[in-house]
Structures are given as C-alpha cells and as structure tokens.
Number of protein chains: 2
Amino acid sequence: MAAAQDQTAGSPATAYTHDPALEQLIRSKIRDVPDYPRPGILFKDITPLLADSAALRSVVAALGAGFGPVDLVTGIEARGFILAAPVAACLGAGFVPVRKQGKLPAATYAESYELEYGTATIEVHTDAFEPGQRVLIVDDVLATGGTARAAVELVRRSGAEVAGISVLLELAALNGRAKLAGLEVRALLAT
Amino acid sequence: MAAAQDQTAGSPATAYTHDPALEQLIRSKIRDVPDYPRPGILFKDITPLLADSAALRSVVAALGAGFGPVDLVTGIEARGFILAAPVAACLGAGFVPVRKQGKLPAATYAESYELEYGTATIEVHTDAFEPGQRVLIVDDVLATGGTARAAVELVRRSGAEVAGISVLLELAALNGRAKLAGLEVRALLAT
C-alpha cells in the first residue's frame, strides 16, 4: 500500500519496468484521441502501436518478462485479449479468457466491480485454473484497478496464484495500485 | 464458387490445411457445450485448447503458415483477437483490430452483415491499412461467412489486399466459403 501511495506522490520510477528506449517507442506509437468516449476525455489509442510489427513484438516480450515461471496468462475482454494472448504464446504458457457476463459457455465464477456509474461483472470458467498454477494477468491499461482486482479474485477463487499483473500503460494519477497491494504490478509506461 | 460448393458436397480435403496430428490435437481440446447460447445449439468451446500451451503454440504457428508475406494480421472482436494477435506477433506482422460499432476511438469505415435476426456492424480505423499491404484475416470459427466477408470489405476499402482467411474451425455445413469466392480460405479443422 505504501508503494501504491508513492505512485501518486510522484516517485513511480521503481514501480514499473524502466526501459527508456521501449518507453520512447511506446510513447511515439500511442495516439491521443480527444473527446472519446465522452467530451473532455483524452483517449490513449494503442492501435498504432499494435500495427507496428517491431513495436508489437517488443511490447509482447517485455510484458511477459520478469515474472518467473508462468503456467497461464489471462486477459480481459476485449482489448486485453490483444496483448495477453501473444504474451501467452511467447512465454509458452496457456491462455485463459476472462469475459464479460454471459459470454463464456460453461460454468463460471463471476466477480463484480465498480465503474464510474454502476457496476460491471466479469467471469471465468470454473475449470480454467488449477490450484498451484501461476497465472500472469496482462492488460493494456491500468486505470482505477477495478478490473485488475476482479481478475485477481477470479484467479484466486480456484486456488491458483497470481504471478503478477503486467500492463502496457499505467494511468498513475488514478492510483490503481492501491487496489493491488502485495501483488507484483508492472507497467511498461506510466503517464 | 465451385470449390465452395465442393465443401458442402463432402470433399473438403483440399480446401483446408490437412495435418492429421494437428487436427486430432484440436479435436481433443474442443469442448462441446450443449444448449449454448440457446437451447438446441451445440457450442464449440475452444477455451481448453487455448489453455494448453503446446496446442496454443501449434495452432498459432499453423494459422499463420502458407499465405506468403503478410504485413498485417487482422482479428475480429472479441474471440477473434485471441488467435489473430499471436499470429501477428509470431509472423512478425502488425495487428489491426476490427471492432464492434462504436468501440474504436478514431475515424472508421463500417461494414454491416446479416445475422440470423437483424444485422451487425463492424468497424476498422480508416488509417489501419495502406494500399498494397497484404493482410491476413484470422478468426476462430468460420460459420456462415458473414463476418469474414465484412472483414474482407473493410480491408479492401483502404486499397489493401487480403492475403487470405485463416480459421481454426470451419463449420462446413454452413457453407461460409460461398461468401468468400476467389479468396484463399484455410481451416485447421472442418466439422
């Protein structure tokens, strides 16, 4: 928790992977889209980065590095799938989709979290994780941490272990790390 | 079109990648879920395959093989992202997400297609593809071909070229190939 609070106090350097060349590459490939999804919001669009083959490969490799052995990588519908699945393939791990409510066909565990207005629910198959497996959670953006926290709970529900949470971009001002105390959280770039 | 008709006439052997060992692996890792999403439907659940690290790697490699040089791989929200993004990283190509209406932040092209009841619309950023680029469309399932056809139109709208359509599983009875005449369509397994 102290580390999370340091984030908002302006000393995030130790809290995310520090690779200046990669940070510069990512920064150059993220497009700011004003007024999306609502007026006044500046959206960080990662599609230029995804479309750049060299950047995609570098980001996928970096997202999977440094967490030790990983049995499964999990990604959250829908954008989270785009980075998490290649990280799984790159690490030689399996992939588990965490999906929005009602989208998985077999029996699921569900976890709800708060949004700005109302709540959202994500689910995972009850047989997706086994006790003792090490699971890496990969997502594109860490914002308030609500989604990541819910994913952590879904992994632990099966007795599996969270190897870490690895994200491309951390919106540090939103202090998502406060919800992820005690977990290894890495971002390739923090803004 | 003749090739597509042969599919439904029961001689699909030349129309999809024929690798008996891989077919057997895929078959063993697809779970049939009855009555999903509606009573009477037998859903082909690929999550056991995704969770198996060796199967995931084999499938990703096979989906990207045999289409010649590929600049970009495109996948369709949401399940399509799970296989298309690793194929992009594996091939050293970039990745372009085709998303449901309203989900992409910048200017888009849109394409609608028919569903069983009503229509659906998918979109891609107008600057996602450049004229002359070779684009591989990857998806998990080829069913009626409506989504794949719409994706083809989105690629061509920018003057880019469809290198092919590569899917894990083809539901041959639905004759999706009829909508994809003249295109290189490969499935790792047809049922």
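**Terms put to the test**

Me: Why is A:K103 called partly exposed?
Reply: A:K103 has a relative accessible area of 36%. Buried means under 20%, exposed over 50%, and partly exposed in between (1.4 Å probe, protein chains only). The value falls in between, so A:K103 is partly exposed. The model is predicted: local features need pLDDT of at least 70, side-chain atom pairs count only at pLDDT 80 or more, and totals for chains, interfaces and linings use all residues. Residues are numbered from 1 along each chain as its sequence is written, chains are lettered from A and ligands numbered from 1 in the order in which they are written, and side-chain values use heavy atoms, without hydrogens and water.

Me: Where in chain A does A:K103 lie?
Reply: In the loop between β4 (94-100) and β5 (108-114). Strands are DSSP runs of E, at least two residues; helices are runs of H or I, at least four; both are numbered from the N terminus. Chain A comes to six helices and nine strands.

Me: What makes A:P20 exposed?
Reply: A:P20 has a relative accessible area of 52%. That value is over 50%, so the word is exposed. A:P20 sits in helix α2 (residues 20-29). A:L188 is 168 residues away from A:P20 in sequence, yet 9.6 Å away in space, C-alpha to C-alpha.

Me: How do you know that chain A agrees with a compact globule?
Reply: The radius of gyration is taken over C-alpha atoms, and the globule rule is 2.2 Å times the number of residues to the power 0.38. For 191 residues the rule gives near 16 Å; chain A has 16 Å, so the two agree. Its C-alpha atoms fill a box of roughly 40 × 40 × 35 Å along the principal axes. Of the 191 residues, 51% count as buried.
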